[in-house]
Amino acid sequence: MSYPRLSILVLGPFAVVTACYWMTYSQANDAGPNHSRPEITTSYGIADTKSKLTMACEKTAAELLPLLSADCNVLIHPPYVLGGNISQSEIQTHLRETIGPTALALSATYFDHQPDIPITILMFTDDDSYQKHAERLDGRQRADYYGYYQKAKRRIVLNIATGNGTLAHELTHALAQFDFPNMPEWFDEGLASLHEESEFSDDRLRILGLSNWRIYFLIDAIQRDNLRSLESLLSPAGIRDDHQAIDYAHSRYLCLYLQQQGLLAPYYRRFRDSADTDLDGSDSLRDILNESSLEQIDADFRRWATDAYRDLRGK
């Protein structure tokens with residue numbers, strides 16, 4: 001089997017990387033097209049030491065190599081192991097323009113705990129190469145069209161042709177796992193889906209979700225009286241396979257509803273800190289909205305969603 005080319009980039013101790021990883025880069029060396037085995041280049045910053053995280057990233061990369069096609073590149077940037085059938089410069093562009101800024105804004109807005117275990121992000125240029133690697137890596141016979149996050153392996157695999165929104169969505173899942181590991185599925189998918197269509201604040205320290213195509217599923221369900229109650233959405237049953245498109249839209253727009261009132265970040269932290277007793281987040285939701293019943297919140301949300309859709313159509 002031919003192996004992908006590997007370049008390893010280490011830019012400094014993790015404490016420095018956490019604050020600066022989206023702004024600072026060193027140029028990684030790329031193996032030539034005739035290399036059949038990995039060419040490993042290691043570049044250390046002046047103050048860098050071989051941290052446990054760096055060594056864990058190197059181990060993850062080494063284990064990954066035999067599973068990737070020969071046209072792939074791999075780049076280590078702790079806590080990330082980045083790769084796919086794209087060039088080193090393209091990997092660096094995604095790191096600089098999407099991964100780094102998104103991670104920084106999520107940390108500033110929501111997440112207090114930073115990754116101390118490698119996160120793998122694999123980006124493929126089309127559906128064919130994405131599907132082949134999804135099967136090879138995780139045994140998925142037919143993966144979701146956009147991408148997925150393999151929670152047990154902390155691995156993102158995606159079709160980068162679907163856009164950077166997919167990357168932001170899956171990255172939210174990966175980083176949230178370190179900060180709120182017992183986050184229920186409805187909130188995990190709602191928060192991740194929120195960031196698939198988003199923008200940064202002027203200081204780039206906040207990431208703000210925008211309306212997107214999922215609103216059509218939400219409004220259609222409201223109009224057909226096919227939208228689950230809020231109590232049902234927050235139940236342990238979580239996202240239902242036969243109702244997935246509507247449930248994703250429902251969860252996403254509930255997050256947007258809170259964001260537009262300036263309450264999403266406070267809700268996240270309140271829910272996270274009380275999740276041992278508030279398992280589904282309903283108590284935190286009632287508290288943050290100053291409402292005594294989920295039924296009233298549900299009615300207010302549906303009214304807001306209908307108005308938001310009307311405004312969107314009027315633009």
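Predicted model: local features only at pLDDT ≥ 70, side-chain atom pairs only at ≥ 80, totals over all residues.

Trainee: What share of the contacts is between residues 24 or more positions apart?

Mentor: Taking contacts with a separation of 6 or more, residues 24 or more positions apart account for 65% of them.

Trainee: On to the rings. How many aromatic pairs does a search of the whole structure find?

Mentor: The search turns up 18 aromatic pairs. Take Y130 and Y148: their ring centres are 6.4 Å apart and the planes are at 40°, so that pair is tilted.

Trainee: Where do Y130 and Y148 sit in the chain?

Mentor: Y130 is in helix α4, residues 127–138, and Y148 is in strand β5, residues 147–150. They are 18 residues apart, and the pair links distant parts of the chain.

Trainee: Buried or exposed, those two?

Mentor: Y130 is buried, with a relative accessible area of 0%. Y148 is buried too, at 3%.

Trainee: Which charged end sits over the ring of Y148?

Mentor: That's R140, whose charged end is 3.7 Å from the ring centre. There's also R252 over the ring of Y253, at 5.4 Å from the centre.

Trainee: Now Y216 and Y309: what kind of aromatic pair do they form?

Mentor: An edge-to-face one, with 6.0 Å centre to centre and 90° between the planes. Y216 belongs to helix α7 (residues 214–223) and Y309 to helix α12 (residues 294–314), 93 residues apart.

Trainee: How do Y216 and Y309 come out on accessibility?

Mentor: Y309 is buried, with a relative accessible area of 16%. Y216 has 48% relative accessibility, so it counts as partly exposed.

Trainee: Helix α12 also has A308. What's its relative accessibility?

Mentor: A308 is at 23%, so it counts as partly exposed. A308 and S211 are 97 residues apart in sequence, with their C-alpha atoms 8.7 Å apart in space.

Trainee: Which residues do ring pairs link into a cluster?

Mentor: Y110, F111, F180, W186, F187, Y267, Y268 and F271.

Trainee: Let's switch to the cores. How many residues are in the largest nonpolar core?

Mentor: It has 64 residues, and those with the most contacts inside it are Y80, I121, F187 and L285. Helix α9 (residues 244–260) gives the largest share, eight residues.

Trainee: What does L285 touch, not counting residues up to four places away?

Mentor: L285 touches L230, L234, L258, Y267, L294 and I297.

Trainee: Last one: N159. Where does it lie?

Mentor: N159 is in strand β6, residues 155–159. At 2% relative accessibility, N159 counts as buried.

Trainee: And which residues is N159 in contact with, leaving aside neighbours within four places?

Mentor: F124, T125, D126, D127, Y130, Y145 and Y146.

Note on methods
Residues numbered from 1 in each chain as written. Heavy atoms only, no water. Phe/Tyr/Trp six-rings, centres within 6.5 Å; stacked < 30°, edge-to-face > 60°. Helix = DSSP H or I, 4+ residues; strand = E, 2+ residues; numbered from the N terminus. Buried < 20%, exposed > 50% of the residue type's maximum accessible area, 1.4 Å probe, protein only. Lys NZ or Arg CZ within 6 Å of the ring centre and 35° of its normal. Core = buried A, V, L, I, M, F, W, Y, C linked by side-chain atoms within 4.5 Å. Contact = heavy atoms within 4.5 Å.
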